[in-house]
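Please read this briefing alongside the sequence and the 3D structure.

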Amino acid sequence: ERTIDLVFAAFSYGMPPIYKKSEKDNYCTIASKRLMSLVPLAKARKKHMKGTSKWMYLQAIGVLRSKHGEGYGSKLIRTITDTADALSAPVYLETESEQNESMYQHFGFRTVEKVTMQVPGDDRSDATFSMWLMLRDPKEKK
């Protein structure tokens, strides 16, 4: 994203709640540091997709827990990958678990990098976490 887009978004929508200080906020004292720890993901995405003129970014996908195992997730992913194939565009995503990595590999994604990140000054057990950066090249049209 261009910096100017982020500036316009901040003016249009306001600052994210973790940056606003009020007595009713329940955010931990290092919430903004946690958010900033995600910056390397955007940089890695830019690096991995450099030189690719068109591509899809799968930012989030989810299925209600009560519907797990009923094939909805597979249908969603197949719709995305079929669309990408029709456009001859690769699909890029980041996932936070090895289980998800394995699932995405089933759909033709490959891991291009594993990033371990830590929130400076955070001593909570989840302050250090890994992300798997994955890419799926488009399949050739038959």
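The predictor gives each residue a confidence called pLDDT, on a scale from 0 to 100. This is a predicted model, in which local features need pLDDT of at least 70 and side-chain atom pairs count only at pLDDT 80 or more, while totals for chains, interfaces and linings use all residues. Residues are numbered from 1 along each chain as its sequence is written, and side-chain values use heavy atoms, with hydrogens and water left out.

Confidence
- The average pLDDT of the protein chain is 83, and 77% of the residues score at least 70.

Overall build
- The protein chain contains five helices and four strands; helices (H or I, at least four residues) and strands (E, at least two) are DSSP runs, numbered from the N terminus.
- Their order along the sequence is α-α-α-β-α-β-α-β-β.
- Of the 142 residues, 25% are buried (under 20% relative accessible area; exposed is over 50% and partly exposed in between, with a 1.4 Å probe and protein chains only).

Helix H3
- In helix H3 (residues 39-49), the buried residues are Leu41, Ala44, Arg45 and Met49.
- These residues lie on the same side of H3 because they cover an arc of only 120 degrees around the axis, taken from the directions from the helix axis to the C-beta atoms.
- An α-helix has 3.6 residues a turn, so residues three or four places apart point the same way.
- Lys43, Lys46 and Lys47 are exposed on the face of H3 turned away from its buried side.
- The buried residues of H3 pack against strands E1 (56-58), E2 (91-95), E3 (110-118) and E4 (128-136), where contact means heavy atoms within 4.5 Å.
- Gly51 follows H3 and has a positive phi, near 85 degrees.
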